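The points are grouped by topic.

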Amino acid sequence: MKQPIDPIANYEATRRAVGYVPRARADQATYDALGFMSGLEVHQQLLTGQKLFCRCPAGIYQGPDDYDAEIIRHMRPTLSELGEYDGTALMEFKTRKQIVYRIKSRTACTYEVDDTPPFPLNRQALDIAIEIALLSRLKIVGEVHITRKQYLDGSIPTGFQRTAIIGVEGEIPLKRGPVRLIQLSLEEDSCREVSDIGHVRTYRTDRLGMPLIETVTYPDMKNPDEVREACDYIRFLNRSTGKVRTGIGAGRQDVNVSCRGGTRVEIKGVSHTAWIPELTHNECFRQWALLEIRRELLARVPDPAAWKPSSVRVRVLTWGLRSPALRALRERGQIMVAVNLPGFAGALSHFTQPGQCFADELAGRLKVIACLERPNMDHSEAAVPAISAGDWARIKQELTPSDGDAQLVFWGPEEDIKTALETVEERCRMAFAGVPNETRQPLADGTTVFERVLPGADRMYPDTDSKPIPLEDAHIERIRPSVPTEVSARYQQMKTWGVPENCYAYIFTRNLFPVIERVVSELGFGPVFVGTVFGQTLKHIEGHHQTTPDFTYNKVYGLFKYVKEQGLAPEIIRAMLPVLYQHPKMDFESILTSINFKRVAEDEILSKVPFLKEKIRSTRVSTDPSIEPHWIMGQLRTSALGNIGLTGLSKTIEHG
Amino acid sequence: MADDIFQGYKGAGLEVLKKFNVRVWGQAEVETTRGPFQGTVLPRADQDDDRHIVLKIATGYNIGVDIATITAMRETGYKKANYKIPEKQFPVTPGLPAVKLLGTGGTIASRLDYRTGAVIPAFTPGELYGAVPELADICNLTTEKLFAVFSENMGPEQYKALAVAIGREIENGIDGIVIGHGTDTMHYTAAALTFMVQDPPVPIVMVGSQRSSDRPSSDAALNLMHATTAAGHGGIAEVMVCMFGPTSDEYGFLHRGTRVRKMHSSYRSTFRTIGDTPLATVTRAGVKPIKQDFKPRRRDRKAVIRPFFEEKVAMIYYYTNMQPDMIDSLVEHGYKGIIIIGTGLGHVNKPLYPAIERAVAKGVHVFMTVQTLWGYVHMFVYDTGRDLMAKGVVPLENMLPEVAYIKLGWVLGQTRDRDEVRRMMLAPINDDITPREPYNGYLVYQGGVPEVEEFVRKVHK
Ligand SMILES: [Zn+2]
């Protein structure tokens, strides 16, 4: 017998073999060596009153248990072009999921649940999509064709999403150069999942059918930070129109990643762009690790086609197994199956991602495909085994393994065992090929778990319920004047003005550039002051105080205008803003009162300077000359604020 | 065929393709004033305009290019797609019932031409097995395509041909018959077959789908499984319609052919039994009767086939201020029978009376049904009703209007004798008229009522 695998040592050793480094220690050379490649699909909800294909209100949400009725559907794969079921189709069918839709009368009608054909496409949404497509320098199509894109996970009750291309082949400018865009489509949003337990997946239908655009880039990004930069740019671009939804879930992205020799893997539904660098970094290394596993397996198993696992049902009582975990499973009526994986020693505990090993790839698929709730398996290389060493020895005896084999045990209800066994075998076979085509779900720690098999290409077909919509030049030209200036041009403008860079993210996320520009050009305030009032003061206030729906950024414009009209010194704006933010309905005069502002003539303030100078000179003990003006400013600040420019006052004190 | 390389293109669009020598299924590079586009040229739907060319781009989506913007076009390749459903041998399992599927033209199972979106019907047993493999666990299926017409084009010729074909299948010893049919006029055909095929020894099950089977959430596969189960294993030997019970994928209803009606333009659960309960529910596990007075399956091979139909029969839906010439013109055009769908308990306005008198005098047979669908014609209640009856209008109890129309056509195809026509119309055939209406035969609940909402929340729609 060879030495048994020490899981933790093996995990560390394989991590080193893969060459994994944390992101902080990775540079462009690291990513070039891996052949890092990434592209984005950025989703953005549009700000419309109604949904895309029916007249239900958009943007009204319910809690998971707030519903009027439930209906049940099953998704059945349709045959693909070659008369075969594609991978996802087959997988979703294997899972035999019962899909439950929760309907609230206020937010969903018979269209959402596929009991009524679509109504004509929402024109407001179409025009917003055209505007954003123009801003993304995409070529606008001559005729919009509604296409059905199949989804068998149940996230859309029809089994397909209605989606349409608005523009193709555009680009966005990044620091390093342009990133090419493949297309922008207008589509209906999907359901929100409530739960997915065993064979029942439950969705709510409030978000379903809301208009959404998807901007797809080419895989032009060469490192994780660029992916985030591109994503931020697209999101800022969308927001710069002021016609998109903001808030949780209004913008989400799917991130595609591959390494050299790997496969395009889609990390779905990343809701924060800040997560992107860590996720893409780890995914690239996960693929690199899978290729390493492949190399090792091929060295051990010369003929992968002939590779075959063996399995046996675990008999807890007959074999005298004592582990409490096994006994508990038996009592719950679950079946346990032990599988011998020839040549897989060391593979199960092989590093794939920080805190995850190859066995997790199996466990993830058992959950999704075979509907076995986790924990659903244990294996011979588990760091913390659920089954005692003695029981393992007894189980292995039944499997009669050879040196270099690995073993696992999985458990679940009788009816899922066959699918589960096929799933284990299928995933292990894929290890000989490298990186499987799949979509993965992002976790907050920057790693991912298996979500679905990536759908095949043949899942798009024309929507026979809708007519094509012509987009004439005249229509596009009517929209063109409302297209805002490009985000890159706005960046440039703020740089030229000298607005500090740390203000930009906040300003673009909130689409504040247009209001800043108005304050500067219409009211004549200094751009650095205006930029920092928004990008620093307002940002700080927003992080520390509550507001009401009455607060708009236009009110801040009003504040600037008021201060100018009243001839007040601009600094008072920073003092008034917190009050305005918390009480947007309060008039400006009352805000001034609330911060104890009193109108004092400039001369009156300046006249106090000689007296104060006298006072400090008579009492001071320090010889530091800078103390004097500081102290005087401190004495005068409250009465000076708004009545006299503080910079000017400070100069007067020093030199006057 | 020369035109075939420009499938569906016409007018200006066709000229552009010809000018640049680009064919349908050709890979094209298109220069336009909006920039370049690339993709495979797809056929154009007949009803669409001639101002655009359809491309399938690399990502699989379709787009249209405005020909007014095209400055140049070049074909760089060509790949014609050919689609057909995979035929797999339908396995014959000893011990399973023999079921015959008769096709009328409605598609139940189908697959898609992914490029054009065209639905290719699956019909042969092999094709059906390819699309719904579960059928092989239910029965030994054979199929025959009788005709290929849309639901709205089904008429007397088809009813008669179906009845004859059913008679033949029964004689040949089939265990059950399924008829694939478009849903729009399924209840007309169901009534016709009830009259034309009386006392069949085996189930005759009509089935269709409300959502075409190219979509993953289609009701087609489940309906087909339910129908073959009812036909092969069920014990009810009547003409029935088998469609979704709730809109959820849960169970199907078997509706009696004379009491069923399509009640919603798009719901899956559109078919409802009117004025009674459905015959039974059906799942893949079998048929579960709701009514106990059904006609049971028999071992004999007897059935009365009466394939007759007089085409000059009309149905007129009364509306306020209907003018007498509506009826006069029917008489003038040689109509032999008229079903009036009257208001309330079975009424029309007074100005129509002389026209009705003239019609009856000319030998036209006039019957009354109600717009309310539920409930009986009661022409004794008001003077107006009694007047109408005196003028020769015969009330048809609670017969549904469409059923009355079909029955009158069928009766007039056999006799013109006034008393005989009247006798046959009023002699119930499998509940076209029922002697009583059960308390649970009319349940149209209204939303918003707390107890209804509670029910809807708990029970899957
Ligand atoms: Zn709706």
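**Contact between the chains**

In this predicted model, 45 residues of chain A are in contact with 45 residues of chain B. Six strands of chain A each supply at least two residues of the side that touches chain B: E2 (69-73), E4 (139-140), E6 (146-150), E7 (160-173), E8 (178-188) and E22 (460-462). The largest share of that side of chain A comes from E2(A), with 5 residues.

- By class, the side of chain A that touches chain B has 21 nonpolar, 13 polar and 11 charged residues.
- Strand pairing also links the two chains: strand E5 (residues 143-144) of chain A and strand E4 (residues 62-66) of chain B run antiparallel and are joined by 2 bridges.
- A:Val144 has B:Ile63 in E4(B) as its bridge partner.

**Domains**

- Chain A is divided into domain 1 (7-17 + 296-453), domain 2 (43-220), domain 3 (485-594) and domain 4 (602-655).
- The centres of domain 1 of chain A and domain 4 of chain A, taken over C-alpha atoms, are separated by 76 Å.
- Chain B is divided into domain 1 (2-78), domain 2 (98-305) and domain 3 (313-426).
- Between domain 2 of chain B and domain 3 of chain B, the C-alpha centres lie 31 Å apart.
- Contact between these two domains involves 12 residues of domain 2 of chain B and 10 residues of domain 3 of chain B.
- On the side of domain 2 of chain B that touches domain 3 of chain B, H4(B) gives the most, with 6 residues.
- That side of domain 2 of chain B has 7 nonpolar, 3 polar and 2 charged residues.

**Sheet and helices in chain B**

- An open sheet of 8 strands in chain B has mixed pairing and the order E9-E6-E10-E12-E13-E14-E17-E18.
- Strand E9 (140-145) and strand E18 (286-289) of chain B each have a single partner strand, so these edge strands are each left with one side lacking a neighbour in the sheet.
- From one strand to the next, the twist of this sheet averages 25°.
- Within the sheet, strand E6 (residues 98-103) of chain B runs parallel to strand E10 (residues 176-180) of chain B, and 5 bridges join them.
- The bridge partner of B:Leu101 in E10(B) is B:Val178.
- Helix H5 (residues 220-232) of chain B lies across E6, E9, E10, E12, E13, strand E14 (252-256), strand E17 (280-283) and E18 of chain B, and runs at about 150° to E13(B).
- H4(B) lies across strand E12 (204-207) and strand E13 (239-244) of chain B, at about 155° to E13(B).
- H4 (residues 186-196) of chain B also packs with helix H3 (residues 156-171) of chain B: their axes come within 10 Å and cross at roughly 50°.
- H3(B) and H4(B) are therefore oblique to each other, and their crossing is right-handed.
- In this helix pair, B:Tyr159, B:Leu162 and B:Ala163 of H3(B) meet B:Thr189, B:Ala192, B:Leu193 and B:Met196 of H4(B).
- The residues of this contact of H3(B) with H4(B) comprise 6 nonpolar, 1 polar and no charged.

**Sheet in chain A**

- Chain A has an open sheet of 4 strands with mixed pairing, in the order E2-E3-E10-E9.
- E2 and strand E9 (192-197) of chain A are the edge strands, and each pairs on one side only.
- The twist of this sheet averages 20° from one strand to the next.
- E9(A) and strand E10 (residues 200-204) of chain A run antiparallel, joined by 5 bridges.
- Opposite A:Arg192 stands A:Arg204 in E10(A).

**Helix pair in chain A**

- Helix H15 (residues 527-544) of chain A and helix H17 (residues 572-582) of chain A have axes that come within 10 Å and cross at roughly 45°.
- The crossing of H15(A) and H17(A) is right-handed.
- A:Val533, A:Thr537, A:Leu538 and A:Ile541 of H15(A) meet A:Ile573, A:Arg574, A:Leu577, A:Pro578 and A:Tyr581 of H17(A).
- The residues of this contact of H15(A) with H17(A) divide into 7 nonpolar, 1 polar and 1 charged.

Notes: Residues are numbered from 1 along each chain as its sequence is written. Chains are lettered from A and ligands numbered from 1 in the order in which they are written. This is a predicted model: local features need pLDDT of at least 70, side-chain atom pairs count only at pLDDT 80 or more; totals for chains, interfaces and linings use all residues. Axes are lines fitted to C-alpha atoms, for helices over the stretch in contact, and angles run from 0 to 180 degrees between N-to-C directions. A crossing is left-handed if the near helix is turned anticlockwise from the far one by less than a right angle, and right-handed if clockwise. Two residues are in contact if their C-beta atoms, placed from the backbone, lie within 7 Å. Ala, Val, Leu, Ile, Met, Phe, Trp, Tyr, Cys and Pro count as nonpolar, Asp, Glu, Lys and Arg as charged, and the others, Gly among them, as polar. Domain bounds come from an automatic or database domain assignment. Two strands pair if DSSP finds at least two bridges between them. Angles under 35 degrees count as roughly parallel, over 145 as roughly antiparallel, 65 to 115 as roughly perpendicular and the rest as oblique.
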